[in-house]
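Please read the following briefing alongside the sequence and the structure. The points are grouped by topic.

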Amino acid sequence: MSTLMYDTYTIFWRELKRYKKSRSGVLIRLIQPAIWIIVIGNTFSGTQPLIQSVGFEGEYIEFMTPGVIILTAIFTSIFGGVNTLWDRRYGFMNKALTSPISRSSIALGKMSAISLIAAMQASLILGIALAIGVSFPNPIMIVPIMTIVILFSLGFSGISVMVAATAKSQETFWGVINFLGMPLFMLSPALFPLELLPEWLAVIAKLNPVTYTVLLVREMMTGVSEGGIPVLLSLGILVGFVLVMVALASYVFTREVNKPF
Amino acid sequence: MYSIETKSLTKSFGNIIAVNDVSFSVEEGEIFGFLGPNGAGKSTTMMILTTLLKPTSGQALISGFDVMKNAKQVRENIGYVQQESTVDEYLTGRENLLLQAKLNHIPKKEINKRIDDVLELIELADKQDHAVVTYSGGMRKRLDIAGGLLHRPRVLFLDEPTVGLDIQTRRKIWEYIKKIHTEFEMTIFLSTHYMEEADNLCDRVGIIDGGKIQIIDSPENMKNAMGNEVISIVVDEGEHTSFLSEIEKIGFVKKISKDGSKLILFASNGTEVIPQIFQISSKLDIKIISISLTQPTLDDVFISYTGYEIRDDDSGFNRKREHAKMKRLRA
């Protein structure tokens, strides 16, 4: 067990080192979510009556900020596994595979690095939101919010690492990832209240782990709970999702990297 | 116990047999070279020995551990330096070695000392804090090799260690390989398609072609078995069957191989063979464009076993494939 943790940390350390040295991408990746907040947040400000109908008193932009934080987390983490393909192409993977570390520690190290990076990106978006006037009643809530973002990103990075380990090419990876990312974001209450979704869409949304994460973050940021889903249930579903993804990703990754690339 | 031992090792990908019934053994402390053209099965064999690929059949043992059943123990005992550079470009040389040390579970309090020693050995100590992106090809290769021996493996695998490097750098890398071999006394298994490299470094060489081992011996023995002299003759294009059969009748000629319009003769008394060749050619009215007499090199050994010269590109491999294709078409 302690070896697994040591090895996971080794990979985690390497991934963060690499990330730190390629900083130019950080700002570029912030542009899209910033546009979401600024453009969609202001364009849809007229939808306030809709939000009020579900008991939300603030501005629309405050309603959707948690959604955009999760949007950042989704895309940073679901894209994050792509360097697995580079590692396989350029030999780092073979170097790691011929060393005594376990295959799952490679997957877990990558996933934990991705989730930390996703949380850092998400906190920058939160900073932008505060800068353009979104209020944040209880600053101490930043701690549980970031914990939830890290957990959630860990689960999503599992999807990314699995797809990257299974895909043999960049094209396949991006095809699958784009097919997954947007629908998972749209089929959640990130932009609109759950109650306003048509019945059949609401059913799908309730199967989506993104839904519960958005509800949790929104409740912590604004104090408004919606959809009648208790916090503990949301938290339980999120933790369950993460555990399943961690186990599944380690399994799939180990199986796939043992096949010739 | 052998350092490396394979028994009827076979690996096929679908219909293609990459490694075909390969059996050999390498003694502790030996430098063993795998020589063959691209596509001969060198890398596939090395990937099996380093636990990256599972053989289709047969067995491979590293320091007595089975690569399939005891993969973890095998990984603890080997260092693997891949053909392409695998160092992280944006990390410094030292950071790369630190990563390698951690991957190989070197005890924490020894890590810094080991890295210092190995940086000294490969003469990169003064560049250790520069990002690898600023290193030359030769420096990267040295860093790769350093990473492979940091944990003092009992068997070090070097996959084409000097491919793509210029001649001076190549010689420098050979010096480093010899130096680490004397220092750590580990077994070294290297693959190459450079004759000179195999000749220069290896105690024994296995020539592999089309997935099969053609011969294993020391470079010296191989060259001696060829006879004392090599005669290369370039003749006009055309059919030379009668010419060949006449030459074969000359007593001193041990072996003939043909590479296009070039004939290569291995003979024990070359200076007496050449006049006889001229007699035959004038009798048969065959035009000799050039003729030369040389000492045998490993290159000649290679040609005698595979029937073509080794090249940097993969024309050797393609020729085989084309040949197979034509055979199929004829059938």
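In the contact between the two chains, 21 residues of chain B touch 18 residues of chain A, where contact means that the C-beta atoms of two residues, placed from the backbone, lie within 7 Å. This is a predicted model, in which local features need pLDDT of at least 70 and side-chain atom pairs count only at pLDDT 80 or more, while totals for chains, interfaces and linings use all residues. Residues are numbered from 1 along each chain as its sequence is written, and chains are lettered from A and ligands numbered from 1 in the order in which they are written.

**The side of chain B that touches chain A**
- Helix H2 (71–77), strand S6 (78–81) and helix H3 (93–103) of chain B each supply at least two residues; helices (H or I, at least four residues) and strands (E, at least two) are DSSP runs, numbered from the N terminus.
- H3(B) gives the largest share, four residues.

**A helix pair in chain A**
- The axes of helix H8 (residues 142–166) and helix H11 (residues 209–222) of chain A come within 10 Å and cross at roughly 170°; axes are lines fitted to C-alpha atoms, for helices over the stretch in contact, and angles run from 0 to 180 degrees between N-to-C directions.
- H8(A) is therefore roughly antiparallel to H11(A), a term for angles over 145 degrees.
- Residues of H8(A) including Ile148(A) and Phe152(A) meet residues of H11(A), among them Leu216(A) and Val217(A).

**Helix H11 of chain B**
- Seven of the nine residues of helix H11 (residues 298–306) of chain B are buried, so this helix is largely enclosed by the rest of the structure; buried means that 20 or more other C-beta atoms, placed from the backbone, lie within 10 Å of a residue's own.
- Among the buried residues are Leu298(B), Phe302(B) and Thr306(B).

Note on methods: Buried ≥ 20, exposed ≤ 12 C-beta atoms within 10 Å, placed from the backbone. Parallel < 35°, antiparallel > 145°, perpendicular 65-115°, else oblique.
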